[in-house]
Amino acid sequence: MRSGEVLHLSRAASVQFIRPITVRVIRVLTDWHTYDGWVWIDAYQLNAAGDAFRRRTLFLMPAGVRRPAPPPERVATRRAPPPPERVATRAVPAGPAGQGGATIPPREAVVPLGVRSGRGRACRSAGTR
C-alpha cells in the first residue's frame with residue numbers, strides 16, 4: 001500500500017467493515033506494532049462521488065484489501081464546431097443632407113450594441129467627466 005492509493009475495504013480486510021467502504025491511503029503507520037499480517041493506516045474515507053469526507057485510522061489485513069479497477073478512459077467524441085457568434089447591431093443615422101446626404105461612410109454604418117462613442121468607462125473611472 002502506498003500514499004494516494006484507493007482501496008475497497010470489506011469484511012475480508014477486517015471484521016470492522018460490516019458495510020464495505022472505499023478509502024484513499026494517506027500513509028501506512030509502520031512504527032505501530034501489530035500482529036503478523038496486519039497493518040495500521042491513516043486514510044480518508046470516500047463518498048460515492050469519490051470525495052474525502054472523513055479521516056480514519058484503520059487496522060486491517062492487506063491480504064483482504066481489494067483495489068478497485070480504474071475507471072474506463074473516456075473516448076474523445078468529435079463535436080460539431082459551435083455556430084459563429086452573431087453580434088447585435090444598430091444603424092447609425094446619417095449626417096445632415098448638406099454633409100454627405102444620405103450616404104453613410106462604411107465605418108460608421110453599423111455599430112455593435114453596447115459600444116458608446118465618446119467618453120467611456122475609462123474616463124469615468126479616472127474621475128473625469
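Gln45 touches Ile21, Thr22, Val23, Asp51, Ala52, Phe53, Arg54 and Arg56, leaving aside residues up to four places away in sequence; a contact here means heavy atoms within 4.5 Å. The model is a predicted one, in which local features need pLDDT of at least 70 and side-chain atom pairs count only at pLDDT 80 or more, while totals for chains, interfaces and linings use all residues. Residues are numbered from 1 along each chain as its sequence is written, and side-chain values use heavy atoms, with hydrogens and water left out.

The setting of Gln45 is strand β3, which covers residues 39–46. Strands (E, at least two residues) and helices (H or I, at least four) are DSSP runs, numbered from the N terminus. With 9% relative accessibility, Gln45 counts as buried, where buried means under 20% relative accessible area, exposed means over 50% and partly exposed lies in between (1.4 Å probe, protein chains only). The side chain of Gln45 also makes a polar contact of 3.0 Å with the side chain of Arg56. A polar contact is a pair of N or O atoms within 3.5 Å; within protein, one must be able to donate a hydrogen and the other to accept it, and residues adjacent in sequence count only if both atoms are side-chain atoms. Burial extends along the strand: β3 is mostly covered, with 6 of its 8 residues buried.

An open sheet is formed by 4 strands in the order β1-β2-β3-β4, with antiparallel pairing; two strands pair if DSSP finds at least two bridges between them. The edges are held by β1 (6–9) and β4 (52–60), each with a single partner strand, so one side of each has no neighbour in the sheet. From one strand to the next, the twist averages 40°, with axes taken as lines fitted to C-alpha atoms and angles running from 0 to 180 degrees between N-to-C directions. In a regular strand, side chains alternate between the two faces of the sheet.

On one side, β3 pairs with strand β2 (residues 21–28) in the antiparallel sense over 6 bridges. Within this pairing, Thr22 stands opposite Leu46 in β3, and Val25 stands opposite Ala43 in β3. The antiparallel pairing of β3 with β4 runs over 8 bridges, and here Asp42 has Thr57 in β4 as its bridge partner. The hairpin of β3 and β4 has 5 residues between the strands, and in it Gly50 takes a positive phi near 90°.

Asp42 returns in the charged interactions. A salt bridge is a side-chain nitrogen of Lys or Arg within 4 Å of a carboxyl oxygen of Asp or Glu, and by this rule the count comes to 3. Arg27 forms one with Asp42, the closest N and O atoms being 3.0 Å apart. Because Arg27 lies in strand β2 and Asp42 in strand β3, this pair ties together parts that are 15 residues apart in sequence. Another salt bridge joins the side chains of Arg55 and Asp42 (3.5 Å, N to O). That pair links distant parts of the chain, with Arg55 in strand β4 and Asp42 in strand β3, 13 residues apart. Together, Arg27, Asp42 and Arg55 are linked in a network of salt bridges.

Glu5 lies in the segment before β1 and Arg67 in the loop between β4 and β5 (89–91), so the pair ties together parts that are 62 residues apart in sequence. Glu5 counts as buried at 18% relative accessibility, whereas Arg67, at 43%, counts as partly exposed.

Finally, a look at the whole protein chain. Its secondary structure comes to 2 helices and 6 strands, running β-β-β-β-β-α-β-α from the N terminus on. Buried residues make up 17% of the 129 residues. Of the contacts in the chain with a separation of 6 or more, 35% are between residues 24 or more positions apart. The accessible surface comes to about 10,800 Å², of which 54% belongs to carbon and sulfur atoms; areas come from the Shrake-Rupley method with a 1.4 Å probe, and for residues only the protein chains shown count as cover.
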